[in-house]
Amino acid sequence: MSVLHIDSSARLEGSNTRIIGQYLVNALNTEVVHRDLAMNPLPPISAQDLMGVHGSSDDNRDSLNTHLTISAQLIQELQDADTLVIGAPMYNFGIAASLKHWIDAICRAGVSFKYTEQGPVGLLNIQRVFIITGTGGTPVGSNMDFASGYLAHIFGFLGVKDIFQIDASGSKGSPQQIIDSGKQRVDELLSASHTTEAVALA
């Protein structure tokens, strides 16, 4: 098993999504690649290069080649892992711009997914994703939450079968209560996963 861990919280210290995400990664106790989109954001992309990344283009300009190389690297990180952990704080009811930029870089027809007569098929190796959604008070899963459901849709579109939500919202109480609740959810998910694996092997 290998893990790709994505952080996007602008809060570098005391972030609920960072704390719960690290707890989860530690519990998985395996090889991890960590990408921090707040500390190391992807470079800005022009409208022309964005169109080039997502379409067929014979243009050989340096800027487009740079973004194609970055996209290929990000997709390779997903192909090399089977588990994805995403820390996704909610900003203005949606995900961080840095996380959206990453999604735009990894969702490429013919590279990370393909269209078939039966619908889109993912070309990644990711088997399961843990989405940790942090909010200041907006209830996760409510009609004001445009973050957790969006991320679940994206990874379902990319072919991930097991999508697990971890609620790190401010509506759950004090910061410590939120963290404790998130850790409890992690423990429950991993315990259920181990039970399923044991039954499959029996």
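What share of the 202 residues of the protein counts as buried? The answer is 43%, where buried means under 20% relative accessible area with a 1.4 Å probe, protein chains only.

This is a predicted model, so local features need pLDDT of at least 70, side-chain atom pairs count only at pLDDT 80 or more, and totals for chains, interfaces and linings use all residues. Residues are numbered from 1 along each chain as its sequence is written, and side-chain values use heavy atoms, without hydrogens and water.

Let's start with the fold. The protein has six helices and seven strands, taken as DSSP runs (helices H or I, at least four residues; strands E, at least two) numbered from the N terminus. Five of the strands make an open, parallel sheet, ordered β2-β1-β3-β6-β7; strands pair if DSSP finds at least two bridges between them. At its edges sit β2 (31-36) and β7 (162-169), each pairing on one side only. Strand β1 (residues 2-7) is joined to β2 by six bridges, and aspartate 7 stands opposite aspartate 36 in β2.

| Helix | Lies across | Angle |
|---|---|---|
| α3 (residues 62-80) | β1, β2 and β3 (83-89) | about 150° to β2 |
| α5 (residues 148-157) | β3, β6 (128-135) and β7 | about 165° to β7 |

Angles run from 0 to 180 degrees between N-to-C directions, with axes fitted to C-alpha atoms, for helices over the stretch in contact; contact means heavy atoms within 4.5 Å.

Now the overall dimensions. The C-alpha atoms fill a box of roughly 55 × 45 × 30 Å along the principal axes.

Notes:
Buried < 20%, exposed > 50% of the residue type's maximum accessible area, 1.4 Å probe, protein only.
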